[in-house]
Amino acid sequence: MEVLISTAIGFLVACGIYLMLRARTMDVVIGLTLLSYGVNLFLFASGRLVSNAAALISPDAAAYADPLPQALVLTAIVIGFGMTAFLVVLAIRAFGDLGNDHVDGKAGK
Amino acid sequence: MMDHWLIMPVLLPMTAAILMLLTAHMGRTVKRCISLLAMSGLVLVAIVLLNATLAGEYQVYAVGNWVAPFGIVLVLDRLSALMVLLTSVLALFSLLYACNGQDRDGRHFHVLFHMQLMGLNGAFLTGDLFNLFVFFEILLIASYGLLLHGGGPQRSRAGLHYVILNLAGSGLFLIAVGTLYGILGTLNMADLAVKVAQADPEQLRLIHISALLLMVVFGLKAALLPLYFWLPNAYGVASAPVAALFAIMTKVGVYSIIRVFMLVFGIEAGALANLAQPWLLPLGLVTLALGAFGVLASRCLRKQVAYLVVVSVGTLIAGVGLLSVESMAASLYYLMHSTLITGGLFLLADIIVRQRGDVGSELRTGPTVTQPLLLSTMFFIGALAVVGLPPLSGFIGKLLLLQSAVQQPGVAWFWSVILIASFFALIALSRTGSTLFLKTDDTAITGVRMESVSLLAVTALLLSSPLLAIYGDAVSGFTTATAEQLMQPMQYIEGVLGPQQASAAALTEGG
């Protein structure tokens, strides 16, 4: 499971960075979204990967899952979602103001 | 009762913002009244808080009534109180300036302004790393809205760059926070400091990496090399009251660097002690040098002031990088001075630009401004202060910084870069002043006269410089006390976690 998770995080972040380096606003938006997915998964995994473990302390629990990273991830997801929504609106507005979707507002090649 | 004052700098702007959303239909006068009332209240709260820190005690406020390190705490020490007061004073005058008409350019200016204040104050007060991230996001999303205030293609472009960069920065922040939590199992800064000092040697490398990631994030906020390229564009196109308020935004990055790298990775962090020191001084000096070139090369008044912000950040970070009580005290003095003066200069630049008609912000021969004597005098005072010529506060700040570097290694670099950069700024601002006020053509006066409210706002911000100079003794006494407090992270840890935990930590550290 560790290999799967770390490969997934790496793949998401790599795709995100590739897309962010492209000079079109929509590509950058999708790149940032993928990056935030990767980051959220990473944050989630920082509490270690355990399955079927109790989150609350009880006398007969063999192992515990850490609930805090889940709270952190929830916060990060909400914030990331709001920011992405804002960025989409801003990208559309920049398209309207500048007449094209280049991040520097240059006319296309 | 004193306890609850601590949450007021966060609650008051938030309440005001919500109230203004609810009264959105009631017209501008109501909003302005609420906004200015809340702002004045915030200044009073900040003064009360500052007063409470004079004795040197730490005030801790457990937000959810869970004790640290389990719950989120707000911590008030001298540095936090100083930053909150500085923010509210700067914001009061920016807001006053905005009330003369620029708040009409967008519907929710006052709401966003107060949300931004909430984020700023929260970031200065929090004692929890993840909470710092949350407050960063609050102040950022408000600043996105404020930066776009007034609209136009230039703002859209600068805003797009600013938002994308900061979103990438937030991703890095989360990676750093996640790594630290995964290794150390805590996010409370005082507890982090304890745990970092006792960390397993095998994991030092990972902690080191996440610490440097944090530095990249804070460096992006502070506009440190090589992450400052967004700043001149963004600040140069933002509307004047927003740009003036943004003068404190870079200082949030500086504050976070001071807080995290003095407390968590500070002198008592065991193997990772003083981790930031090899980076801060050189990065600060190069930022300073490049900022000075930017000031010299600007063809636009607003961008020139924006480059002055870069110069001030470079100076500050270099001063912090010297890592002694004297240099920290001098940096804090310089921080107060540079924030208020660059804020005032942004407002002054706006008045000048408006009175120059079509030539606007471009630094070339243009029509005479409507009030040449008044504006040139103000520009002269502002320029003197920001360059650092006697008798104003810039001179005292730089003198203190230079003095504090005498005993340090790298003093030659420090002195030469700061002095040459000041000289460059002097040349650039003399040229700007003569272009603006002397090399005028004979075209008719086109501009509008300055209103008395704007005059009050700009004068108050520029007056801070002679005031900081006159009361220099008291102010530098306070910054020295602040610096001494910062140099004793153990006291902060004891203040937050209670003496027992902290002494237990010291025992394990010793054994």
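Trainee: Leaving aside its neighbours within four places in sequence, with which residues is B:R32 in contact?

Mentor: This is a predicted model in which local features need pLDDT of at least 70 and side-chain atom pairs count only at pLDDT 80 or more, while totals for chains, interfaces and linings use all residues; side-chain values use heavy atoms, with hydrogens and water left out. Residues are numbered from 1 along each chain as its sequence is written, and chains are lettered from A and ligands numbered from 1 in the order in which they are written. B:R32 lies in helix α3 (residues 28-53) of chain B, where helices (H or I, at least four residues) and strands (E, at least two) are DSSP runs numbered from the N terminus. Contact means heavy atoms within 4.5 Å; apart from neighbours within four places in sequence, the contacts of B:R32 are B:C99, B:G101, B:D103, B:R104 and B:H110.

Trainee: Why are α8(B) and α12(B) described as oblique to each other?

Mentor: Axes are lines fitted to C-alpha atoms, for helices over the stretch in contact, and angles run from 0 to 180 degrees between N-to-C directions. Helix α8 (residues 189-197) and helix α12 (residues 249-264) of chain B have axes 9 Å apart and an angle of about 40°. Angles under 35 degrees count as roughly parallel, over 145 as roughly antiparallel, 65 to 115 as roughly perpendicular and the rest as oblique. The relation of α8(B) to α12(B) is therefore oblique.

Trainee: Which residues of α12(B) meet α8(B)?

Mentor: From α8(B) come B:M189, B:A190, B:L192, B:A193 and B:V196, and they meet B:R259, B:V260, B:L263 and B:V264 in α12(B). By class, this contact has eight nonpolar, no polar and one charged residues, where Ala, Val, Leu, Ile, Met, Phe, Trp, Tyr, Cys and Pro count as nonpolar, Asp, Glu, Lys and Arg as charged, and the others, Gly among them, as polar. On the α12(B) side, the residues asked for are B:R259, B:V260, B:L263 and B:V264.

Trainee: How much area do chain A and chain B bury between them?

Mentor: Buried area is the accessible area (1.4 Å probe) that two parts lose on being put together, summed over both. The contact takes 30 residues from chain A and 28 residues from chain B. Of the area buried, 80% is on carbon and sulfur atoms, and the total is about 2600 Å².

Trainee: Which element gives the largest share of the side of chain A that touches chain B?

Mentor: Across this interface the rule finds zero salt bridges. The elements giving two or more residues to the chain A side are α2 (25-45) and α3 (68-98) of chain A. The largest share, 15 residues, comes from α3(A).

Terms used. A salt bridge is a side-chain nitrogen of Lys or Arg within 4 Å of a carboxyl oxygen of Asp or Glu.
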